[in-house]
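I opened my notebook to get to know a new structure. Here is what I looked up, entry by entry.

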Amino acid sequence: MEDRTASNKIAWKSSLSTQLMVRALIGAVVVGITLSCFQVMWEAGKASSQIDDDANQLLAVIEDAATQAVYSIDADLAERVLEGLFARRAVKYAGIFHPNKLALAEKQRPAVQKQFRWITDAILGKEKTFQIDLQKASPTLETYGMLIVKLDTWYVSSLLLERSANIFITTLLSAFILALVLYLGYHFYLTQPLKSLTTSLQKINPAKPGLQSLPTPLHHQSDEVGFLVSSANDLLDSIAKHQQERHAAEARVIRLSQYDALTGLPTRGLFNQYLKSAIQDAQSHNQSLAVFCIGIDDFKSINEQYGYAKGDKLLQAFAERLIKLRDYIHTSCRLAGDQFALVLYNLASSYTAAAFAEGLLEEMHRPFIVDDSEISLRCTIGISIFPEDSEDADRVLQKAEQTMLHAKLKGASQFHFYVAALDTEIRSRKNLERDLAQAIKKQQFSVVYQPQIRLQDSQIVGAEILIRWRHPERGWVPPDVFIPVAESTGKIFEIGEWVLSEACKQIKAWQKVGLNLLVAVNVSAHQLKREGFIDTVQDILSKHQVAPEQIELEVTETSFMENIEDAVQILKKLNSLGLMCAVDDFGTGYSSLSYLKQLPVAKIKIDKQFVRDLMADDDDTQIVHAIIQLGRSLRLTVVAEGVETVEQQEFLLKDGCEIAQGYLFSKPISANEFTRYVAERIDIDELAGNS
Ligand code: C2E
Ligand code: CA
Ligand code: CA
């Protein structure tokens, strides 16, 4: 504001009025002087003819007397005539001459000496000379002499000088008066209103240009100044309107970016701000707070099953349940698609957070009614605590997220606290990813085979090929650890192809020694879904000249869940090529009769977790029994894995399970060991048969 008023002080010299005055003055002076010069020249002409007239009159008066004097050669008379002539001030010289130019009488006096003579002398000359012939007409016209008179011009020209001075002074004076009048007129009619307009403009708040309008200076309502003011006011109004619209748009954008459109919850950015202030508060009151990161488990499947519209409504309902907790929590937000976060403040201890998490899980695990569907979901919570886990808002949130994501990978619908060890684990996983990328090239992988036994007659009917990784520093890394890593990095495709090639090579090798075995190869869900998977399998089989009937692909239930139609298509195509498929880990996923009926599979494998507690746990016994019945009713071969005891074997046999696999028969072993194992069994059988 100060700067704006400072610029109001315009120097007098640069003021419009002064500039106009100076220009008018110069113009008037130049025009005035030019006109005056013309006038003076005209006056000079007049003065010159006045001298002539005077002289002519004078000569006429004395002509006769002078003629008489020269005629009668009377020097006295001539003298007196000249005396009479000199009574006139202007006469400077007079002489009466005989025709032979001899003077009869002469008289003169000095020229008048005056200060400004040089000016008039320049215009009219110092003197003017007049001459007449002195003649008598008796009887004939005869010349007796001549009269010469010189007149001093000063007496006439001093008057001219006076008049000229008058002319110039009046002209200059009127020029000055004109300039002054113009200055005043301009000052009052233009400069003054412009000045007051500028002052009013400077008073306008640029942030609120429409608040005051500019006043129209008095008597200027209908002239250009008035028009300028009303145009400026219109402009200010429309600037104000535009500003308002822009503010509204900005507010809208901020709202949109700060609040999630679907659930109305704050988004990550705003949540971060809240979290920061909550942490500042907690710091100043010496309190702790907990950040919860809540992830809905496998939300993708819910979307697939119920459609995206219901998925969205479910998220809204989820958010509503979170909002209802506002009395207990500081703030909540939607971090990403199926991830939410909240801040629990004034935390008495980690137990408080644990108790709250338990309650929250219970609340969220209660079925949601969306339209006419009842949808149940599970969630996983990651919890980090200020100040224990970090004192920085970003880090606290990041740790809660890490914890949640990590817990999700482990498949636990529970709550987990961030522990520093997690960081180490994450770093170690990064190293694992890096090493895994090199493992094939460095020939660190090998394969083992686990026999599959037909329970009815204890015959070896096949083998499951299982991969092994010997890490140069870590030693044996279990496939349960590195397969998910390979899946997430995409390395699984190369690994899968390598395992299938190994299986093919082994089938050929066994065929050469007369062993015809079905080899089961584990196929990751990622492989199955990948375009060109069938072609890849076919290429590998034909490269090793292995018949498709010799290979069985083990696919997990979860491979089908996301898109059952696609899975059916792929499995049908594999079937038509002669490749059989088995459902691995049956019972751990969404085992449902409806999808199993659609799938063109030949086998289901009961997961080892149910076999392990067979008979010891009632539920597991029931599950195994149900799976066997289900398999039989759909005419599927049921395979039990993880059989470790004779009791388990007997139960399975009695219940109708056809094939078993487990430590009871053999651990996964190398190909050579497997060949020996088969040879021994044949020997035993032969011995048994012989006896
Ligand atoms: P899976 O397909 O369920 O394989 C069976 C697992 O159970 C194997 O573990 C095997 O060693 C183990 N097992 C067999 N009999 C018994 C028993 O009597 N008791 C117990 N406790 N365990 C038994 P492994 O080899 O560690 O493999 C773990 C998982 O890694 C496999 O589970 C499979 O999902 C995956 N995997 C292994 N090799 C491959 C592969 O080549 N490709 C893919 N995609 N996944 C593989
Ligand atoms: Ca398997
Ligand atoms: Ca399994």
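Entry one. I began with two metals: the calcium ion (ligand 2) and the calcium ion (ligand 3) are 4.9 Å apart. Glu554 sits in strand β16 (residues 551-556) and Asp584 in strand β17 (residues 580-586), so this pair ties together parts that are 30 residues apart in sequence. I took strands as DSSP runs of E with at least two residues, and helices as runs of H or I with at least four, numbered from the N terminus.

A note on the source: this is a predicted model, where local features need pLDDT of at least 70 and side-chain atom pairs count only at pLDDT 80 or more, while totals for chains, interfaces and linings use all residues. Residues are numbered from 1 along each chain as its sequence is written, chains are lettered from A and ligands numbered from 1 in the order in which they are written, and side-chain values use heavy atoms, with hydrogens and water left out.

Entry two. Which residues coordinate the calcium ion (ligand 2)? I found Glu464 (OE), Asn522 (OD1), Glu554 (OE) and Asp584 (OD), at 2.1 to 2.3 Å. Donors here are N, O and S atoms within 2.8 Å of the metal (3.2 Å for Na, K and Ca); water is not among the atoms, so sites may look incomplete. Glu554 is buried, with a relative accessible area of 1%, and Asp584 is buried at 6%. Buried means under 20% relative accessible area, exposed over 50%, and partly exposed in between (1.4 Å probe, protein chains only).

Asp607 and Glu641 are both buried.
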